[in-house]
Amino acid sequence: MKFSLGTKNIGDDERYRRYAYGHLSDAVRKLCVEPGMVNQRLWHAFEAINKIDVDSLPDNVRKDLKWSISEATKFEKNGSPDLETTLRRLRSSTGSKIASRILKANTELESYIS
């Protein structure tokens, strides 16, 4: 799974924030209600996060999501950062930290929605 870290030209910040909030809220929902261990729930959460252009978000939200993506893709497969490879090796405590930062980013983004 590849992540979008920029390239989109977002004209309407408020509209895009609502779009991103919808996907980020879906990621949080998946972290809370999907069955399985935290690494399995993170896989489903990142399916939703992958639809967001992280660089188009406010600084504090961007920082949390970039950290989460970095932690969830720190191990490589064929020379590229890889979510699946990392999640297979992920400790539960690290998975919980990533999930907490995703929840924090969601809460922060919500404060930008009018």
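# Notebook: helices, core and salt bridges

**Entry 1, the fold.** I counted five helices and two strands in the chain; helices (H or I, at least four residues) and strands (E, at least two) are DSSP runs, numbered from the N terminus. I noted that the model is predicted, that local features need pLDDT of at least 70 and side-chain atom pairs pLDDT 80 or more, and that totals for chains, interfaces and linings use all residues. I also noted that residues are numbered from 1 along each chain as its sequence is written, and that side-chain values use heavy atoms, with hydrogens and water left out. Read from the N terminus, the order of elements is α-α-α-β-β-α-α.

I looked up how much of the chain is covered. Of its 114 residues, 40% count as buried; buried means under 20% relative accessible area, exposed means over 50%, and partly exposed lies in between (1.4 Å probe, protein chains only). The chain exposes about 6,400 Å², and carbon and sulfur atoms supply 49% of that area. Accessible areas come from the Shrake-Rupley method with a 1.4 Å probe, and for residues only the protein chains shown count as cover. I then turned to contacts (heavy atoms within 4.5 Å). Among contacts with a separation of 6 or more, 71% join residues 24 or more positions apart.

In soluble globular proteins, nonpolar side chains tend to be buried together. I searched for a nonpolar core, that is, a set of buried Ala, Val, Leu, Ile, Met, Phe, Trp, Tyr and Cys residues joined through side-chain atoms within 4.5 Å. The largest has 27 residues, and those with the most contacts inside it are L24, L42, F46, I49, L57, L65 and I102. Two or more residues of this core come from each of α1 (13-33), α2 (38-49), α3 (59-72), α4 (83-89) and α5. I followed L65: leaving aside residues up to four places away in sequence, L65 touches L24, I49, V54, L57 and A105.

Side chains of opposite charge can pair when their charged atoms come close. I found ten salt bridges in the whole structure, each being a side-chain nitrogen of Lys or Arg within 4 Å of a carboxyl oxygen of Asp or Glu. D64 and K104 form one of them, at 3.4 Å from N to O. Because D64 lies in helix α3 and K104 in helix α5, this pair ties together parts that are 40 residues apart in sequence. D64 is buried, with a relative accessible area of 1%, whereas K104 is partly exposed at 41%. I also recorded a salt bridge between E71 and K74 (3.1 Å, N to O). E71 counts as buried at 17% relative accessibility, and K74 as partly exposed at 47%.

Where does E108 lie? I located E108 in helix α5 (residues 92-110). Is E108 buried or exposed? E108 counts as buried, because its relative accessibility is 16%. Apart from residues up to four places away in sequence, E108 touches N60, V61 and D64. Its salt bridge with K104 has the closest N and O atoms 3.6 Å apart. Both E108 and K104 lie in helix α5, four residues apart, about one turn of the helix. I finally traced a network of salt bridges that links D64, R101, K104 and E108.
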